[in-house]
Amino acid sequence: MMLEHVLLLSAYLFSVGLYGLITSRNMVRALMCLELMLNAVNLNLVTFSDFFDSRQLKGAIFSVFVIVIAAAEAAIGLAIVSSIYRNRKSTRINQSNLLNK
């Protein structure tokens, strides 16, 4: 696959994730869009690593670290969302003002 096609796909995934993150009112959907953006970055890392230096796996190794961080972020984020839902009975971002009780 050519470099331009993969970069175009990655830019599309990143822009869809960014649009979803900006316009989303649901916390779970916002976390999913953030994961989509991280996957677009991973696609860029692996593509550039393969295109410029196919002998070394620097991009793939860094991509594995990003995936591990994204999994930890998703687990912590979903735990926070479930805690907010348990207390507020809503996962909407504009309704979860936690500073005033």
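Which helices do the buried residues of α2 pack against? They pack against α1 and α3.

**Colour by confidence.** Begin with the whole chain, coloured by pLDDT. The mean is 84, and 91% of the residues reach 70 or more. Helix α1, residues 3–23, has the highest confidence, at a mean of 93, while α3 has the lowest, at 85. Where pLDDT is low, the predicted coordinates should not be read in detail.

**Select residues 27–52.** This is helix α2, with 26 residues. From its first C-alpha to its last it reaches 38 Å, close to the 38 Å expected at 1.5 Å a residue. Show side chains for the buried positions of α2: Met27, Ala30, Leu31, Cys33, Glu35, Met37, Ala40, Asn42, Thr47 and Ser49.

Now view α2 and α3 together. Angles over 145 degrees count as roughly antiparallel, so α2 is roughly antiparallel to α3. The residues of this contact divide into 16 nonpolar, 5 polar and 3 charged.

**Stay on α3 and pick its buried residues.** Select Gly59, Ser63, Val66, Ala70, Gly77, Val81 and Ile84, which are buried in α3. What covers the buried residues of α3 includes α2.

**Zoom to Asn42.** This residue belongs to helix α2. Is Asn42 buried or exposed? Asn42 has a relative accessible area of 7%, and the cut-off for buried is under 20%, so Asn42 counts as buried. Leaving aside residues up to four places away in sequence, Asn42 touches Ser63, Val66 and Ile67.

**Move to Val68.** Val68 also lies in helix α3. Its relative accessible area is 49%, and Val68 is partly exposed. Draw a C-alpha to C-alpha distance from Val68 to Asn87: the two are 19 residues apart in sequence and 29 Å apart in space.

**Finish at Lys89.** Where does the tour leave α3? Lys89 follows the helix, and its phi is positive, near 60 degrees.

Notes: Residues are numbered from 1 along each chain as its sequence is written. This is a predicted model: local features need pLDDT of at least 70, side-chain atom pairs count only at pLDDT 80 or more; totals for chains, interfaces and linings use all residues. Side-chain values use heavy atoms; hydrogens and water are left out. Axes are lines fitted to C-alpha atoms, for helices over the stretch in contact, and angles run from 0 to 180 degrees between N-to-C directions. Helices (H or I, at least four residues) and strands (E, at least two) are DSSP runs, numbered from the N terminus. Angles under 35 degrees count as roughly parallel, over 145 as roughly antiparallel, 65 to 115 as roughly perpendicular and the rest as oblique. Ala, Val, Leu, Ile, Met, Phe, Trp, Tyr, Cys and Pro count as nonpolar, Asp, Glu, Lys and Arg as charged, and the others, Gly among them, as polar. pLDDT is the predictor's confidence in each residue, from 0 to 100. Buried means under 20% relative accessible area, exposed over 50%, partly exposed in between (1.4 Å probe, protein chains only). Contact means heavy atoms within 4.5 Å. The expected span of a helix is 1.5 Å times one less than its number of residues.
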